[in-house]
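Thanks for coming. Please look at the chain on the screen while I go through how it is put together.

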Amino acid sequence: AAADPAAGAAVKAADRAHVFHSWSAQGLIDPPAIAGAEGSYFWDYDGNRYLDFSSQLVNTNIGHQHPKVVAAIQEQAAKLCTLAPGFAVDVRSEAARLIAERTPGDLDKIFFTNGGAEAVENAVRMARLHTGRPKVLSAYRSYHGATAAAINLTGDPRRWPSDTASAGVVHFWGPFRYRSPFHAENEAQECERALAHLEQTIAFEGPQTIAAIILETVPGTAGIMVPPAGYLAGVREICDRHGIVFILDEVMAGFGRTGRWFAAEHFGVTPDLLTFAKGVNSGYVPLGGVAISAEIAATFDQRPYPGGLTYSGHPLACASAVATINAMAEERIVENADRIGETVIGPALREIAGRHPSVGEVRGMGVFWAVELVKDQETREPLVPYNASGAANAPMGEFAAACKRAGLWPFVNMNRTHVVPPCTVTEAEAKEGLAALDDALTAADAHTTG
Ligand code: PLP
C-alpha cells in the first residue's frame with residue numbers, strides 16, 4: 001500500500017485520545033500506527049514494512065490474514081455470530097474434537113475461555129476443587145497471564161504490583177542450565193538437582209496442601225529454556241506420588257510453535273490439565289481453553305463445575321480455530337516449523353553466536369528460539385540488569401531500534417531477543433530476518449566488556 005503519513009498521524013492521535021494501553025505509562029508511549037498485515041509481515045502508514053520475528057505476542061502461528069481462516073470467520077458471521085455457552089453448537093463441538101484429537105493422552109474434554117489467563121484461572125480452579133487442596137506451585141522463570149491467580153503464579157516482575165498474600169502460590173526454581181540455580185555442571189545434574197529442589201519444596205510446604213504444579217512445557221517469555229531430558233517426566237512422577245495435579249501451560253508453546261502440535265510430545269509427558277490459547281486460532285478471534293483429563297472431568301460429572309464465561313466457546317472464535325487447525329494440518333505448518341527450526345534458524349543462530357561477543361547462548365526448537373545477550377561471555381553477566389528500565393536498558397533499546405531500521409520487528413524481553421516468527425515462515429523469510437538480526441547484534445556488541 002502507498003504511504004499515507006497523514007492517515008497514520010490521525011490513527012495515532014485517535015489512539016492517544018481514548019485508548020488505555022497494557023503494561024504502560026500512558027504518557028510515555030508512542031504506539032506505532034499499523035495500516036495492514038499479511039503472512040509474516042505488517043506495515044505502517046509511512047512506507048515501513050516489517051518482518052515479524054515476534055508473531056505479535058507469539059500468537060500468529062499461521063501468519064496474518066490466512067485466507068481460509070478469514071473466509072471461515074466471514075461464513076460463520078453470516079450464519080450465526082454468537083450463542084450462549086449452554087447450547088450445543090456445531091463449530092464449538094468440531095473445535096473441541098480437533099483440539100482433543102491433538103492433545104496428549106486422555107485430555108479429551110475442552111473448556112473454552114477467551115484467552116490464556118482465563119485458561120490458567122480455570123485450570124487452577126479445577127485442580128483445587130478436584131484435590132480439595134489450596135496451594136499451587138509455579139516456577140520463578142514463568143509467565144501465566146495477568147488475571148488474579150495467573151499473575152500471582154507468574155514469576156516475572158509483572159507479578160510484583162499484583163502480589164496478594166492470600167493467593168496460595170509458592171514459587172520454585174525450574175531447570176535452566178545456562179544460569180543454573182543449582183550450580184550444575186551438566187544437563188543430567190541440572191535435571192536431578194531441579195527435581196530434588198522441587199521434592200524438597202513440596203516436603204516443606206506439606207504435600208497434602210498442594211493442589212497443583214503448573215509449568216510452561218517450554219517456558220516462553222521467561223527465556224525459552226527447553227527442559228533437560230527427564231525433567232518433566234520427573235515432575236509427572238512427583239505429582240503422581242503426592243496426588244498433585246500436573247498442569248502444563250501450552251498457551252505459548254502449543255499449536256506448532258515447537259515443531260509439534262503440543263510441546264509435551266517432545267517429552268512424552270501427559271499432564272492432567274493443559275492450557276492453550278494463542279496458536280489455537282492465531283488470535284484471529286480471542287480464544288483459549290483447558291484440555292481436561294478423564295479423571296478430572298469425572299469430578300464434575302455429578303457435581304456442577306462452578307465456573308463460566310459469557311463467551312465460552314464463542315462461535316466466531318471456534319470457527320476460526322476449526323479453520324486454523326485444518327489449514328495447519330493440510331499445509332503441514334507444524335512440520336514447517338520443525339524443519340525451519342532444525343535446518344535454518346538453529347544452524348544460523350549457532351553460527352551468529354560464534355561471531356558476536358554479545359551472544360552468550362542460543363537455545364530453542366521449532367520457531368521458538370532465544371538469544372541470550374551478555375556483557376561478557378565468561379562471566380555471563382546479562383547485557384542489561386534484571387528488570388532494567390530507562391538508561392540501564394539502553395543497550396537492548398539500541399539493539400531493537402537497529403532491527404527495526406532494517407525492517408525486522410524483534411521480540412525483546414530483558415537481556416534476550418527471541419526468534420519467534422510464524423510457523424508458516426518460509427526459508428527465505430527466516431534467512432532475511434536472521435541476516436538483519438546478525439547486523440543489529442553489532443549494536444549489542446558495542447556494550448560488551450569481555
Ligand atoms: N500462559 C503463557 C505461557 C503465556 O505466554 C501467556 C501470554 O503470553 C499467558 C498464559 C496469558 O495469555 P493471555 O495473554 O491470552 O491471557
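I start with a term: two strands pair if DSSP finds at least two bridges between them. Strands here are DSSP runs of E with at least two residues, helices are runs of H or I with at least four residues, and both are numbered from the N terminus. With that in hand, β5 and β7 pair in the parallel sense over four bridges, and valine 136 has alanine 212 in β7 as its bridge partner.

Two remarks on the source. Residue numbers run from 1 along each chain as its sequence is written. The model is predicted, so to speak of a local feature pLDDT must be at least 70, side-chain atom pairs count only at pLDDT 80 or more, and totals for chains, interfaces and linings use all residues.

Now the whole chain. The secondary structure comes to 14 helices and 15 strands. The C-alpha trace spans about 60 × 60 × 45 Å along its principal axes. The radius of gyration, taken over C-alpha atoms, is compared with a globule rule of 2.2 Å times the number of residues to the power 0.38. For 450 residues a compact globule would come out near 22 Å, and the chain has 22 Å, which agrees.

How many of the residues count as buried? Of the 450 residues, 50% do. Buried means that 20 or more other C-beta atoms lie within 10 Å of the residue's own; exposed means 12 or fewer, partly exposed is in between, and C-beta atoms are placed from the backbone.

Contacts are next: two residues are in contact if their C-beta atoms, placed from the backbone, lie within 7 Å. Among the contacts with a separation of 6 or more, 74% are between residues 24 or more positions apart.

The chain is divided into domain 1, residues 5–65 + 332–445, and domain 2, residues 67–330; these bounds come from an automatic or database domain assignment. Their C-alpha centres lie 25 Å apart. The contact takes 29 residues from domain 1 and 28 residues from domain 2. On the side of domain 1 that touches domain 2, the elements that each supply at least two residues include α12 (333–355), β11 (359–365) and β12 (368–373).

Two of those strands belong to an open sheet of four, in the order β11-β12-β15-β14, with antiparallel pairing. Its edge strands are β11 and β14 (411–413), each pairing on one side only. β11 and β12 pair over six bridges in the antiparallel sense, and glutamate 361 has glutamate 372 in β12 as its bridge partner.

A second open sheet has seven strands, in the order β4-β10-β9-β8-β7-β5-β6, and its pairing is mixed. At the edges stand β4 (109–113) and β6 (169–172), each with a single partner strand, so one side of each has no neighbour in the sheet.

Within this sheet, is β7 enclosed or left open? Seven of the seven residues of β7 are buried, so β7 is largely enclosed by the rest of the structure. β7 (residues 210–216) also pairs with β8 (residues 245–249), in the parallel sense, over five bridges. There, isoleucine 213 has phenylalanine 246 in β8 as its bridge partner.

Last, helix α7 (residues 187–205) lies across β5 (135–139), β6 and β7, running at about 150° to β6. For that angle, axes are lines fitted to C-alpha atoms, for helices over the stretch in contact, and angles run from 0 to 180 degrees between N-to-C directions.
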